[in-house]
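Dear colleague,

Please find below the structure that I am handing over to you. My notes on what was found in it follow directly after.

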Amino acid sequence: MILLSGKWKIQIVGWLLLYGKVRFMDMLRGIDGIAAKMLSKELQELEQNEIMVRTVMPTKPVTVEYELIEHGKTLSGVITAISTWGVTHRQFLFKKHFISQ
């Protein structure tokens with residue numbers, strides 16, 4: 001749980017699962033509300049915990065790509081389960097608060 005704690009890690013892993021190799025700026029533009037400093041911090045933690053890999057491309061300016069390692073891709077089922085539960089819970093709350101009135 002600690003590896004995926006916080007507001008952003010599950011979104012970042014989900015983004016990497018969906019798009020594969022992703023550049024930093026593409027992720028920054030695509031994940032609504034995340035600041036560059038926070039994205040950088042979260043990516044460093046995911047790399048340190050061997051969930052994803054960072055590849056520096058020999059271009060000018062330097063391009064950095066991020067990609068889940070095979071072991072990181074096994075989080076797909078966990079993220080799908082959390083997402084499914086979230087949708088079900090939202091429906092539960094909707095029925096409870098809006099249909100019963």
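**Salt bridges**

Arg 29 has a relative accessible area of 59% and is therefore exposed. Please bear in mind throughout that this is a predicted model. The side chain of Arg 29 meets that of Asp 26 in a salt bridge, with 3.0 Å from N to O. Both residues belong to helix H2 (residues 24-30), where a spacing of three residues places Asp 26 and Arg 29 about one helical turn apart. Asp 26, at 37% relative accessibility, counts as partly exposed.

Glu 42 and Lys 9 are both buried; for Lys 9 the relative accessibility is 4%, which is why Lys 9 counts as buried.

Lys 9 forms a salt bridge with Glu 45 as well, and here the closest N and O atoms are 2.5 Å apart. This pair, too, links distant parts of the chain, with Glu 45 in helix H3 and Lys 9 in helix H1, 36 residues apart. Glu 45 has a relative accessible area of 26% and is therefore partly exposed. In the whole structure, the search finds six salt bridges.

How are the strands arranged? Three strands form an open sheet in the order S1-S3-S2, and their pairing is antiparallel. Strand S1 (22-23) and S2 are the edge strands, each of them pairing on one side only. Between S2 and S3 the antiparallel pairing runs over six bridges. Thr 55 stands opposite Glu 65, the latter being in S3. Helix H1 (residues 9-19) packs on this sheet and touches S1, S2 and S3, and the direction of the helix makes about 90° with that of S3.

**Backbone points to check**

Most residues other than glycine have a negative phi, and most peptide bonds are trans. Against that background, two places in the model may interest you.

The peptide bond from Lys 60 to Pro 61 is cis, with an omega near -5°. Pro 61 is located in the loop between strand S2 (52-57) and strand S3 (63-68).

The other place is Glu 50, whose phi is near 55°, a positive value although the residue is not glycine. Glu 50 is found in the loop between helix H3 (36-48) and S2. With a relative accessibility of 55%, Glu 50 counts as exposed.

**A nonpolar surface patch**

Which residues form a nonpolar patch on the surface? They are Phe 94, Phe 98 and Ile 99, and together they have about 360 Å² of accessible area. Ile 99 is located in helix H5 (residues 76-99). The relative accessible area of Ile 99 is 55%, so this residue is exposed.

With kind regards

Note on methods: Residues are numbered from 1 along each chain as its sequence is written. This is a predicted model: local features need pLDDT of at least 70, side-chain atom pairs count only at pLDDT 80 or more; totals for chains, interfaces and linings use all residues. Side-chain values use heavy atoms; hydrogens and water are left out. Helices (H or I, at least four residues) and strands (E, at least two) are DSSP runs, numbered from the N terminus. Buried means under 20% relative accessible area, exposed over 50%, partly exposed in between (1.4 Å probe, protein chains only). Two strands pair if DSSP finds at least two bridges between them. Contact means heavy atoms within 4.5 Å. Axes are lines fitted to C-alpha atoms, for helices over the stretch in contact, and angles run from 0 to 180 degrees between N-to-C directions. Patches are made of residues with over 30% relative accessible area and no salt bridge: like charges are joined within 9 Å, nonpolar side chains (Val, Leu, Ile, Met, Phe, Trp, Tyr) within 5 Å. Accessible areas come from the Shrake-Rupley method with a 1.4 Å probe; for residues, only the protein chains shown count as cover. A salt bridge is a side-chain nitrogen of Lys or Arg within 4 Å of a carboxyl oxygen of Asp or Glu.
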